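Student: I would like to learn how to read this structure. Where should we begin?

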Amino acid sequence: MIAPKRRLTNHALHGREEWFKRIFRDQIAEAAGILEVVLSGIVLAALLMSIVPLVELMPGLLTDADSLEIRTFLERALDIVIGIEFIKMLAKHSPGSVLEVLLYAIARHMIVGHESAVENFISVASIALIFFVRKFLFVPAFGATMPGGRKAPDIEKMEKQDTAGESEE
């Protein structure tokens with residue numbers, strides 16, 4: 001007698017298909033992580049190059065600083081600070097680092113820009129909202145781990161502060 005040909009059932013095909021999807025998703029996530037590191041490196045190199053013009057502005061501030069030179073210096077310095085925070089945000093993958101970048105960007109807008117009173121009020125309200133979110137609505141479990149499974153640095157710091165506070169009581 002002839003043995004019947006073995007057929008793959010829909011369940012077996014579905015399992016294999018899910019396995020391929022999972023591997024493909026993992027590879028895409030890994031490639032995105034590599035691109036993120038490359039982008040961080042490019043931004044870091046650009047920030048290091050942008051420090052040179054900032055240092056060149058410093059002697060002019062000491063001798064004959066007018067408001068335009070001071071404003072240019074502050075714009076560049078705060079842009080570098082925001083860039084550094086952006087790199088930290090890419091490295092940490094935590095909501096706290098995103099809030100810090102937003103905070104610095106809004107603060108730069110307020111310090112360097114010469115906007116109307118309404119725009120300044122909106123900036124102050126935005127900063128207050130960021131502090132409110134950080135204090136009352138911030139959920140540490142969201143983004144608490146880094147891609148390698150290790151805890152995010154700001155979460156570790158928060159937990160150390162919590163344990164230090166409990167040991168004092």
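Tutor: Begin with the word contact, which means heavy atoms within 4.5 Å. Leaving aside neighbours within four places in sequence, Val43 is in contact with Gly83, Phe86 and Ile87. This is a predicted model, where local features need pLDDT of at least 70, side-chain atom pairs count only at pLDDT 80 or more, and totals for chains, interfaces and linings use all residues. Residues are numbered from 1 along each chain as its sequence is written, and side-chain values use heavy atoms, with hydrogens and water left out.

Student: Which pattern does the protein follow along the sequence?

Tutor: Helices (H or I, at least four residues) and strands (E, at least two) are DSSP runs, numbered from the N terminus. Here there are five helices and zero strands, and the pattern reads α-α-α-α-α.

Student: How do I check the span of a helix?

Tutor: The expected span is 1.5 Å times one less than the number of residues. For H2, 26 residues should span 38 Å, and the end C-alpha atoms are 37 Å apart, which agrees. For helix H3 (residues 95-112), 18 residues should span 26 Å, and the end C-alpha atoms are 26 Å apart, which also agrees. After H2 comes His93, whose phi is positive, near 60°.

Student: What share of the 169 residues is buried?

Tutor: Buried means under 20% relative accessible area, exposed over 50%, and partly exposed in between (1.4 Å probe, protein chains only). Buried residues make up 20% of the 169. In H3 they are Pro95, Gly96, Ser97, Leu99, Val101, Ile106 and Val112. Those in H2 include Phe73, Ile80 and Ile87.

Student: Which residues make up the largest nonpolar core?

Tutor: In soluble globular proteins, nonpolar side chains tend to be buried together. A nonpolar core is a set of buried Ala, Val, Leu, Ile, Met, Phe, Trp, Tyr and Cys residues joined through side-chain atoms within 4.5 Å. The largest one has six residues: Val43, Leu47, Leu54, Phe73, Ile80 and Ile87. Helix H1 (10-64) and H2 are the elements that give two or more residues to this core.

Student: Is Glu85 buried or exposed?

Tutor: Glu85 is buried, because its relative accessible area is 7%. Its place is in helix H2 (residues 67-92). Not counting residues up to four places away in sequence, Glu85 touches Glu100, Val101 and Tyr104.

Student: With which side chain does the side chain of Glu85 make a polar contact?

Tutor: A polar contact is a pair of N or O atoms within 3.5 Å; within protein, one must be able to donate a hydrogen and the other to accept it, and residues adjacent in sequence count only if both atoms are side-chain atoms. The partner of Glu85 is the side chain of Lys88, at 3.1 Å. In helix H4 (residues 117-137) lies Ser126, and a polar atom of the Ser126 side chain is 2.8 Å from the backbone oxygen of Ile122. Ser126 is partly exposed, with a relative accessible area of 24%.

Student: How many aromatic pairs does the structure hold?

Tutor: Rings of Phe, Tyr and Trp (its six-membered ring) pair if their centres lie within 6.5 Å; planes under 30 degrees apart count as stacked, over 60 as edge-to-face and the rest as tilted. The structure holds one such pair. Trp19 and Phe20 form it, edge-to-face, at 5.0 Å centre to centre with 65° between the planes.
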